[in-house]
Amino acid sequence: MSDFLFYCNASKKTGYGHLSRCLNIAREISNTVDKSTVHFIGEFDSFSKVRINNLGFKLLSTIPQLKQTSVFIFDNYALEKKIFIDVKEKGHKVCIIDDFDQYNYDFVDLIINFRFNAHKFCMQTPAHRLGLEFFSFSQELTKLRTEKMMQPRSEKLDTVLIFIGGDDRYRVANKVIGAVDQLLTNKKIFLLSKQSDHINMKHNTLEIVNFVEDMPTLYESVDLVINGGGLTKYESGYCLLPNCAVSQTSEQHLDTIELADANLTFDLGLADGIKVAELVDKIKLFIDEKIGMQYEAMKTAYTLSSTNCLVKEIIKVSK
């Protein structure tokens, strides 16, 4: 019997991406390791607590005193080195999901960076597992990808999802909506946002929805995704959905450029200071000339087994 403890936070303020990928890993662990116990530690809002509880995992308020060796999986950008050392000194295993190579410590048992071309950005050690081969996707997204792989590519463009992320710091979603409304007519636009601003569209219909648990169903219902440069561009690509990104940070933008060079997303630039007219030109270019190039790239770059590959590496650490 093994204990796996996930350390992350999730709320409308911080976003839900870290929790989502941890839940993907936790579910795969539960399906793979007999008699495993999975706990979640962190600051979670009521929505996140319901998600965790509904999947049968336990919530803890603090790191418990554990008699047996356990595996801690950390997924948080704002942790101090001391917390890892404390866990390690108590005899436990330390795994870190580290998108930006900020926790490259020699005592860590496993460092996971599943960004595309992560080897370009990491000072790789034997503890590293890098690249899309170790990306964690939900079982529902895997089912959706499997179904889409068996179908011919759809060229329809009736619905668009705009999802900038948990922190639209530059209020770029409104600009994207304005650009889309200039380009398209009689389409259904979904804005996934914690904001409830009243936004008028002249040529299309807009539905603003709060963060939802059932993202796969939302992905299944749309034909194009415009995202904020984070994990959504990976999930979209995995689901064979045409996607483009207006990145929130310079680090995200570097990642977006790597994916765009491989036709796995389309780069709309940095959100900071971008103009509606610039978005109109870039989104038009993407729809008119680039959208078809993504499909074959998305089919070959992602694999159905990546979550399982990652969990196998975590299980190795536990033994």
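1. The protein chain has 319 residues and a radius of gyration of 20 Å, which agrees with the value near 20 Å for a compact globule of that length. That radius is taken over C-alpha atoms, and the globule rule is 2.2 Å times the number of residues to the power 0.38. Along its principal axes, the C-alpha trace spans about 60 × 35 × 35 Å.

2. A word on the basis: this is a predicted model, where local features need pLDDT of at least 70 and side-chain atom pairs count only at pLDDT 80 or more, while totals for chains, interfaces and linings use all residues. Residues are numbered from 1 along each chain as its sequence is written, and side-chain values use heavy atoms, with hydrogens and water left out.

3. The protein chain holds 10 helices and 13 strands (DSSP runs numbered from the N terminus: H or I of at least four residues for helices, E of at least two for strands). Of its 319 residues, 54% are buried, meaning under 20% relative accessible area with a 1.4 Å probe, protein chains only.

4. Please look at strand β12 (residues 243–247), where five of five residues are buried. N243, A245 and S247 point one way from β12, and C244 and V246 point the other way.

5. Its partner is worth a glance too: strand β11 (residues 224–227) runs parallel to β12, joined by three bridges (pairing needs at least two DSSP bridges). Across this pair, I226 stands opposite C244 in β12.

How values were computed:
Buried < 20%, exposed > 50% of the residue type's maximum accessible area, 1.4 Å probe, protein only.
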